[in-house]
Amino acid sequence: MTRGFLINLVLFAMLPVTALVALMLDEPFIITLTTKVAILALAGVGLNIALGLGGLVSLGHAAFFGIGGYAMGILAHHAQTFTPILESPLLIEGSKSMPVIWLVAVLTGALAALAIGALSLRTSGVYFIMITLAFGQMLYYFAISWPAYGGEDGLSIYVRNGFPGLNTLDPIQFFAITFVVLALVLWGAGRFAASPFGLALSAARQNPERVETVGLSPYRLRLLAFVISGAVTALAGALFADLNRFVSPTMLSWHMSGEIMIFVILGGVGRLFGPVAGAALFILLEHILGGLSDFWHVYLGLLLLLVVLFARGGMIGALAGRQVAHD
Amino acid sequence: MTTILLIEQVLNGLQFGVMLFLMAAGLTLIFGVMGLINLAHGSLYMIGAFAAAAVAGATGSFVLALIASLVAAAAAGAIVELVVIRRLYDRDHLDQVLATFALILIFSEGTRWLFGSFPLFLDIPPALSGPVTLPGGIEYPLYRLVIIGVGLLIALGLFQLIARTRIGIRIRAGESDREMIAALGVDISKLYTLVFALGAGLAGLAGALVGAIQSVQVGMGEPVLILAFVVIVIGGIGSIRGALVGALLVGLTDTLGGVLLPGVFATFMEPAAATAVGSSLASMSIYILMAAVLLFKPTGLYGSA
C-alpha cells in the first residue's frame, strides 16, 4: 500500500505545486491548464465510481458532463439577460452564483442518470455499452436541434460566475475552488469505496449471484452508483463550462465520453487517484504532441492501444506494481 | 401532407434502413461469432467511402470505385484483425471498447492526414442519375432506388451465405461452440479473420454507396455506427434477421419522424414552436423507440435471453 499511497500523494500535490509555480512565474495559461486537469480529473472520478467500482462500462457519461455544462449555461444565460427561466406556475430566475449552479447541476445530473440508468441497467455487458452510448447521443442531437439555447453554436457567458468571498476571474482563485472540490470529492469517493455500500457494489461486480443470495439487489446497488457517478460528472461539467465560459453540444458528444474514459484508463481503472494521473497525462500529451503535429490524435490512439494491450494497470499500475492493485 | 411526399419519405426511410443494415449486419456477425464489440466499424465505413472516392477520381469508373471500397475495407479489416483485434477476443468489453476507440482515433486522424479536412465528392454515374417515374406519378431518384435494391440483394445473399453454405455453417457453429469446431479441425483464427473482413467489406460498401449521396469526409462513419448500435439493440445481438428488421424500423422512424412530427405538433401549437419541438423530438425518436423496445424486451426483438 505504501508505494501506491506515496504515488497518490505526489500526484495530488503536483496540481497545487504546478499552479503555485506558474503563479510565481506569472504564467496564467499554465494555471488554467492545471485547472483543466483538476476538472477533467473530477469527471474521471465520477465515471470511475460506475466503471471501477461498479464495473459498469458507460460510454455515455458525456451526457452528464454536458448536462452539468448546460445547467451552468442556462442559469447564467438567464441571469445575464435578466429573463426568468420560468414565469408560471412559479417564478424561477437565472443565477450567477457557483454554489447554486453546482447544486442544480448535481441534481439534474443525478436525475438524468436515474432515468438513463434505470433503463440501461436492465441489460448488461455489451448491450449496456451500446445503450448508454445511444442515450448520450440522443441528448447530443437534442441539444443541437433545440434552438432556445444556441443549438449547435452553444451558449457564451460573458463573465465567469461568482463564488461568495472569492474573485473567480483570478486564475489562481478559480483553481483553488476546483482543487478543493476535487479534493472533497476524492475524499468522499475514497470513503464511499470503503463503506458497506461501496463494498457491496464491488461484490456485485465480482459476483452478482452471491450478492443476490445475501439479500441485496445488484440492480439497485448499480443504479445508485450510476446516479452518484452521473452527479459527480455533472458537477465537473458545470465547472468545465465555467472554465471556458462557454457550453456547446460538443460537451455532449460521444468523443467526450471516450475521453473521460481515457482519463480513467490511462491512470488505472478502479484506482482512486487514477483519473488525476490520467487527466494530467492527457493534457500534457495534448500540449506536447499537439505542438508537434496537428494530427496528435494518431499518437494518442497508438498510446492508448499500447496501454490497453500491454499495460493494463495504467500509469499508476505501472508505477506502483501489481501488488497494490485494487482487487 | 400529400400522399406522394409520404411515399417518397417512406422510400427514403427504406434506403436509409437498408444502408444501416449493411453496417449492423457486420457488427452483429462480429459480435455473435467473436463476442467482440467493435467501435471501429464506422472507420471501415469511412475507409470504403474514401477508397471509392479516390478510385472514382482516378479512373472515373463507378463500378471500379465500388469494388475498391469493398476490397479496401475488407483488407483494412483483415489487417486490423490480425494485428490488434485478435488480442482482444478473450479480454473484457472495456478493453475492447478502448482498443477500438483508439483505432478510431488512428483511422480518423490518419485519413485526415492523407486526404485533408475537406470533404471529397463521389459522383453518381450518369446511367443511374436523375429521377425515375414510379407508378402513381411519383418522381424518385433512380440511384436511391438502386441502393434499396442492391441492399436487399446483399441481405438476401447474406442470409443464403449463413444458411446454406459451408462457410455459413462454420460461422453458425462458431457462434454456438468455438472449442468444438476447433476440435473438429476448423481453423478458428482463419474463420475469425474471414468474418471480420466480411463485416468490414459490407461496411465499406455501404460507405461508398452512401458517399455518392452525401459527401465523403472524416468522421462520417460515427453517426452511422451509433445508429447501427441502436439497430442491434432493437433487433437483438447476433441476429441477422433482427438487424434487418431493426434497420428498417430505425430508418423509417428517423425519416418519417423528421417529416411528420413538426406537422403533428402544428395542429395544437404555434408554427414556430411546433417546428422547434417537432424537430427536437424527431431527433430523439429512434432513441425513444429503442427505450420502448428495451422496456418490453431487454434482449431485443430477435435476441435470445
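**A guided tour of chains A and B**

Begin in chain A, where α7(A) and α9(A) cross in a left-handed way; a crossing counts as left-handed if the near helix is turned anticlockwise from the far one by less than a right angle, and as right-handed if clockwise. Helices here are DSSP runs of H or I with at least four residues, strands are runs of E with at least two, and both are numbered from the N terminus.

The model is predicted, so local features need pLDDT of at least 70 and side-chain atom pairs count only at pLDDT 80 or more, while totals for chains, interfaces and linings use all residues. Residues are numbered from 1 along each chain as its sequence is written, and chains are lettered from A and ligands numbered from 1 in the order in which they are written.

Stay with this pair and select residues 196–206 of chain A for α7 and 218–244 for α9, whose axes lie 10 Å apart and meet at an angle of about 115° (axes are lines fitted to C-alpha atoms, for helices over the stretch in contact, and angles run from 0 to 180 degrees between N-to-C directions). On the α7(A) side, the contact is made by A200(A), L201(A) and A204(A), and on the α9(A) side by P218(A), L221(A), R222(A) and A225(A); two residues are in contact if their C-beta atoms, placed from the backbone, lie within 7 Å. By class, these residues are six nonpolar, no polar and one charged, where Ala, Val, Leu, Ile, Met, Phe, Trp, Tyr, Cys and Pro count as nonpolar, Asp, Glu, Lys and Arg as charged, and the others, Gly among them, as polar.

Next, move to chain B and select residues 3–34, helix α1, together with residues 240–266, helix α10, whose axes come within 7 Å and cross at roughly 145°. The crossing of α1(B) with α10(B) is right-handed, and their contact has 16 nonpolar, eight polar and one charged residues.

Finally, show both chains, whose contact takes 35 residues from chain A and 35 residues from chain B. On the side of chain B that touches chain A, α4 (93–115), α9 (221–235) and α11 (271–296) of chain B each supply at least two residues, and α4(B) gives the most, with 15 residues. This side of chain B divides into 26 nonpolar, five polar and four charged residues.
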